[in-house]
Amino acid sequence: SLQDFVHEELIEGLLAYEFKNSSFKVSPLVNLYDVFEKIKSEKEEFINSANKNENTQNGAKTDVISADENSIWDEVLKDYKRVPTVSSWKKAVVTSVGLNGNLKIWVEGRGIFSLSLKFGPDNRDKKWLVGDVFWVKEVAQKQWQIRFDPRVEGAIVVMDVRTGAVLAISSSNPSKNNAIQAWRQPGSTLKPFSYLYALQRKMAPNDLLGDRPISLPPIGRNL
């Protein structure tokens, strides 16, 4: 949709700005390892209790718990309520960290994938941790492009210049729509009002005004 396209272009532009100005930093959305451990502990306690009551053998009990870890990661991601505004982005979490930046990631609703990441000089101190969450986008079969939220904020409003209809509104801030909620200086948006008032007072577009200080009476009094 146009909304998705506009938002994706906004995020890409902000990330490109950060790269250009050497201000880009790798920053996962959140780390959910503690949440994973809590859910896993609860499930293990439940399974162990059920196995004990049913006199199940230890080997079968271990298989059940081990096979359940990926579903726990999927449950953790689903419980993390933050959602992307672009449907092609999905949440992913680091499930294991290997050598040379090799990761195992669980993509919500898709499964486990391998990912190799190398950081630039400005991020060489970054170390992935199990439980780190970020956005991913599938660019080819089982190939994922990793996404981070830009730290610099931006917003965009797309309008039809013929009708004035608002076609898309997007903000990089997930908690506040800067396109409609941020306080901004009006800038040149005030010019049409001042020009229209001048035309209503019989001024012509080619009238010249001196570039000098001027004092105006309070509002409500005639000039």
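Is His 7 buried or exposed? His 7 counts as buried, at 7% relative accessibility. This is a predicted model.

- His 7 belongs to helix α1, which spans residues 2–20.
- The side chain of His 7 makes a polar contact of 2.6 Å with the side chain of Ser 170.
- Ser 170 sits in strand β8.
- Ser 170 has a relative accessible area of 3%, so this residue is buried. The cut-off for buried is under 20%.
- Strand β8 covers residues 166–171 and also contains Leu 167.
- Leu 167 is partly exposed, with 43% relative accessibility.
- Leu 2, Phe 5 and Leu 167 make a nonpolar surface patch of about 290 Å².

**Strand β5 and its partners**

- Strand β5 runs over residues 132–140.
- Strand β1, residues 30–31, is antiparallel to β5, and 2 bridges join them.
- Asn 31 has Asp 132 as its bridge partner in β5.
- Strand β2 is also joined to β5, by 5 bridges, and the two run antiparallel.
- Across that pairing, Trp 89 has Lys 137 of β5 as its bridge partner.
- Strand β6, residues 143–147, is antiparallel to β5 and joined to it by 5 bridges.
- Here Trp 135 is placed opposite Arg 147 of β6.
- In a regular strand, side chains alternate between the two faces of the sheet.

**Aromatic pairs**

- Two numbers describe a pair of aromatic rings: the distance of the centres and the angle of the planes.
- There are 4 aromatic pairs in the structure.
- One of them is Trp 89 with Trp 135, at 6.4 Å centre to centre and 40° between the planes, a tilted arrangement.
- This pair links distant parts of the chain: Trp 89 is in strand β2 (residues 89–97) and Trp 135 is in β5, 46 residues apart.
- Trp 89 has a relative accessible area of 5% and is therefore buried.
- Trp 135 is buried too, at 2% relative accessibility.
- Trp 128 and Phe 134 also form a tilted pair, with 5.1 Å between centres and 55° between planes.
- Trp 128 and Phe 134 are both buried.
- Elsewhere, one aromatic cluster is formed by Tyr 33, Phe 36 and Trp 73.

- The structure contains 7 salt bridges.
- Side chains of opposite charge can pair when their charged atoms come close.
- One of the salt bridges joins the side chains of Lys 137 and Glu 8, at 2.5 Å from N to O.
- Glu 8 is buried, at 13% relative accessibility.
- Lys 137 is also the bridge partner of Trp 89.

**Salt bridges within helices**

- Lys 38 and Glu 42 meet through their side chains in a salt bridge of 2.8 Å, N to O.
- Both lie in helix α2 (residues 33–54), and because they are 4 residues apart, about one helical turn separates them.
- Lys 38 is exposed, at 53% relative accessibility.
- Glu 42 is partly exposed, at 44%.
- Asp 74 and Lys 78 form another salt bridge, at 3.3 Å from N to O.
- These two lie in helix α4 (residues 69–79), and their spacing of 4 residues means that about one helical turn separates them.
- Asp 74 is buried, with a relative accessible area of 11%.
- Lys 78 is partly exposed, at 48% relative accessibility.

Key: Residues are numbered from 1 along each chain as its sequence is written. This is a predicted model: local features need pLDDT of at least 70, side-chain atom pairs count only at pLDDT 80 or more; totals for chains, interfaces and linings use all residues. Side-chain values use heavy atoms; hydrogens and water are left out. Rings of Phe, Tyr and Trp (its six-membered ring) pair if their centres lie within 6.5 Å; planes under 30 degrees apart count as stacked, over 60 as edge-to-face and the rest as tilted. Buried means under 20% relative accessible area, exposed over 50%, partly exposed in between (1.4 Å probe, protein chains only). Two strands pair if DSSP finds at least two bridges between them. A polar contact is a pair of N or O atoms within 3.5 Å; within protein, one must be able to donate a hydrogen and the other to accept it, and residues adjacent in sequence count only if both atoms are side-chain atoms. Patches are made of residues with over 30% relative accessible area and no salt bridge: like charges are joined within 9 Å, nonpolar side chains (Val, Leu, Ile, Met, Phe, Trp, Tyr) within 5 Å. Accessible areas come from the Shrake-Rupley method with a 1.4 Å probe; for residues, only the protein chains shown count as cover. A salt bridge is a side-chain nitrogen of Lys or Arg within 4 Å of a carboxyl oxygen of Asp or Glu.
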